[in-house]
Amino acid sequence: MRPPRSWSAETDVVVVGSGFAAFVAASIARGRGCEVVMLEADDEVGGMMRISSGEYWVPNNPKMREAGIADPKEDCLRLMARLSYPSRYDPNSSTLGIPARAYRMFETYYDIASVATEELDKIGAMGSVFSDGVTPDAVFNPQGHIEYHSELPENKVEYGRAMMADTGGIHGPGQGQATVDLLYAHSQRAGIEVRTGHRVERAFVNDAGEVVGVAASTALGTVTVRARKAVIFASGGFFHDEQLRTEKLRGTVWGATAPKTNTGVFLRIAQQLGAMTENIDSVWWGQMAIEEVRETQRSDSMAFWLYGDSMVLVNRHGVRVVNEKAHYNERGRIHTVYNATTKAYENNVLFQVYDDALAKNPEMGVKYPVPYPGQPWDLVVSGDTWEELAEAIDERLAKLASETGGLRLAPGFAASLAETVARFNTFAESGHDEDFGRGDAPGERGYSVLGLTRGVNRTMYPFASTGPYHAILIGAAAFDTNGGPSINERAQVIDTDAEPIPGLYGTGNCVGSPAHGAYWSGGATLGNALVWAYQAGVYAAAEPVKEA
């Protein structure tokens with residue numbers, strides 16, 4: 001769209017959004033002497049970061065180096081390539097078998113992540129420390145939690161890459177909001193203008209094809225803001241645009257933690273400007289209780305780790321289909337598996353089944369979606385026998401048929417579930433899950449510290465021989481989508497010829513994730529936001545002034 005004859009406001013760099021990526025990009029550009037205006041669609045700042053754990057993944061970071069933890073680049077790149085491109089990974093190739101651009105992105109990530117944390121600390125925006133965690137033996141570890149994929153031979157580092165903002169004290173719930181508060185306070189000290197209630201809907205391009213500003217809708221009408229140097233989009237993914245979600249994502253992703261303002265505005269703008277897109281059918285995966293989000297498609301809760309030991313996750317046939325203690329991003333993917341025979345996504349809805357001992361366990365902690373004892377939760381269905389539980393589940397499915405493609409339990413579900421539980425019980429008694437290896441990986445044991453830990457393998461315990469038994473309907477969920485316009489190693493948005501679109505940058509969940517759908521470890525989402533926001537801030541600040 002052609003620029004207007006006059007502008008409502010003018011600055012050097014416009015940053016669209018006010019989440020973690022947006023504040024990092026704005027802080028870095030401001031630290032290099034640029035005037036910066038941030039435009040946020042919501043009425044408050046922070047985006048999804050407000051409910052985040054606040055953790056970001058930083059290889060070879062300063063705290064690791066101080067602690068003497070070696071994190072060689074070549075080893076870290078192998079891990080990233082192995083997880084992001086498992087079918088192309090070749091450890092003997094000069095680019096590890098992955099596309100050249102992807103390899104450059106991974107190199108940049110490794111080189112820049114630590115630099116970004118150091119500069120943010122230097123300019124007074126945000127210091128970084130190790131994330132708190134525990135070992136697989138339930139011992140507090142000041143160097144954070146164990147790497148999600150520590151069992152892989154490519155992963156040479158067990159602890160230390162997970163970092164958080166230094167907000168004081170032990171980290172926990174509220175860390176994301178505390179980080180937002182820290183970055184917002186810095187923005188005000190630094191003179192960054194933050195405008196809420198400004199939903200950016202268009203970008204302006206001059207005669208030279210350079211992006212020179214944006215238009216935003218507000219309660220008082222349309223506002224145009226000229227960007228003398230560049231525009232950086234950090235506006236979140238497209239989950240809450242029903243059309244985009246239905247067209248782009250496979251199967252049903254029932255809900256997200258992303259704010260309702262994440263409607264994919266940047267995807268549409270960038271495509272109009274000729275941008276390449278990638279990873280477009282992907283999200284940062286998780287799981288939610290589907291009945292909780294069927295109307296709103298949003299929740300602050302996510303089933304990070306399925307709670308408990310006498311618990312299994314089964315499909316409509318009453319059989320297990322996944323390691324219930326696998327990390328959330330890996331586990332959530334199982335819902336989109338397509339059955340070529342039935343022509344359906346048969347794992348669209350799964351059933352978290354558990355016994356009454358687990359239901360009555362009084363300990364506190366993260367149990368979602370399992371309720372605390374005595375907490376009313378009408379999403380739980382129960383039965384004194386497997387047959388009664390099956391009837392209760394199928395009755396609930398009947399009410400949801402119009403939203404699930406008519407999904408119902410398969411004939412013989414109760415008998416199959418009984419067999420599944422009997423087989424699981426033998427695994428729990430021996431401590432080894434012969435079907436899915438539940439609890440074999442150190443990370444799975446480390447994240448099962450909260451929960452009943454009664455058996456040989458703390459992730460498993462035999463079900464009670466008599467009911468009642470309980471179940472919750474579980475479906476795929478997202479933190480947000482992570483597909484969209486492609487960026488290069490400078491966070492410049494690129495066109496279909498892989499050439500930069502002048503003056504346009506992207507970071508966070510509004511762009512196609514360079515991780516290519518992989519979750520490298522805890523903090524991979526914010527780690528990517530950090531790196532590409534830093535790059536965007538650096539290179540946007542170095543842009544020449546453009547003619548409007």
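Helix α11 (residues 386–399) and helix α13 (residues 413–430) pack with their axes 9 Å apart, at an angle of about 125°. The two helices are therefore oblique to each other; angles under 35 degrees count as roughly parallel, over 145 as roughly antiparallel, 65 to 115 as roughly perpendicular and the rest as oblique. Axes here are lines fitted to C-alpha atoms, for helices over the stretch in contact, and angles run from 0 to 180 degrees between N-to-C directions. Helices (H or I, at least four residues) and strands (E, at least two) are DSSP runs, numbered from the N terminus.

The structure is a predicted model, in which local features need pLDDT of at least 70 and side-chain atom pairs count only at pLDDT 80 or more, whereas totals for chains, interfaces and linings use all residues. Residues are numbered from 1 along each chain as its sequence is written, and side-chain values use heavy atoms, with hydrogens and water left out.

The crossing of α11 past α13 is right-handed. A crossing is left-handed if the near helix is turned anticlockwise from the far one by less than a right angle, and right-handed if clockwise. On the side of α11, the residues in contact are W386, E387, L389, A390 and I393, and they meet F413, A414, L417, A418 and V421 of α13; contact means heavy atoms within 4.5 Å. By class, this contact of α11 with α13 has nine nonpolar residues, no polar ones and one charged residue. Ala, Val, Leu, Ile, Met, Phe, Trp, Tyr, Cys and Pro count as nonpolar, Asp, Glu, Lys and Arg as charged, and the others, Gly among them, as polar.

The crossing of α1 past α5 is left-handed. From α1, the residues F20, F23, S27 and R30 make the contact, and from α5 the residues T179, L183, Y184, H186, S187 and A190. The contact of α1 with α5 has five nonpolar, four polar and one charged residues by class.

The strands come next. An open sheet is formed by three strands in the order β3-β7-β4, with antiparallel pairing; two strands pair if DSSP finds at least two bridges between them. β3 (55–57) and β4 (128–130) stand at the edges with a single partner strand each, so one side of each is left without a neighbour in the sheet. On average, neighbouring strands of this sheet are turned by 45° against each other, direction ignored. Between β4 and β7 (residues 162–165) the antiparallel pairing runs over three bridges, and V129 has M164 in β7 as its bridge partner.

Elsewhere, strand β1 (residues 9–16) pairs with β2 in the parallel sense over four bridges. Within this pairing, V14 has V37 in β2 as its bridge partner. Strand β2 (residues 36–39) points V36 and M38 one way and V37 and L39 the other way, and all are buried; buried means under 20% relative accessible area, exposed over 50%, partly exposed in between (1.4 Å probe, protein chains only).

Strand β14 (residues 283–289) is mostly covered, since seven of its seven residues are buried. β14 pairs with strand β18 (residues 469–481) in the antiparallel sense over six bridges, and Q287 stands opposite A476 in β18.

Several loops hold particular features of the backbone. In the loop between α14 (442–446) and β18 lies P468, and the peptide bond from G467 to P468 is cis, with omega near 10°. Another cis peptide bond joins Y368 and P369, with omega of about 5°; P369 lies in the loop between α10 (356–359) and β17 (380–383).

L96 has a phi near 60°, a positive value in a residue other than glycine. L96 is found in the loop between α3 (73–84) and α4 (100–122) and is buried, with a relative accessible area of 6%. Phi of A491, near 70°, is likewise positive in a residue other than glycine. A491 sits in the loop between β19 (484–485) and β20 (492–494), and its relative accessible area of 0% makes A491 buried.

The loop between α8 (290–293) and β15 (311–314) contains D309. D309 is buried, with a relative accessible area of 0%. D309 and E419 are 110 residues apart in sequence and 18 Å apart in space, C-alpha to C-alpha.
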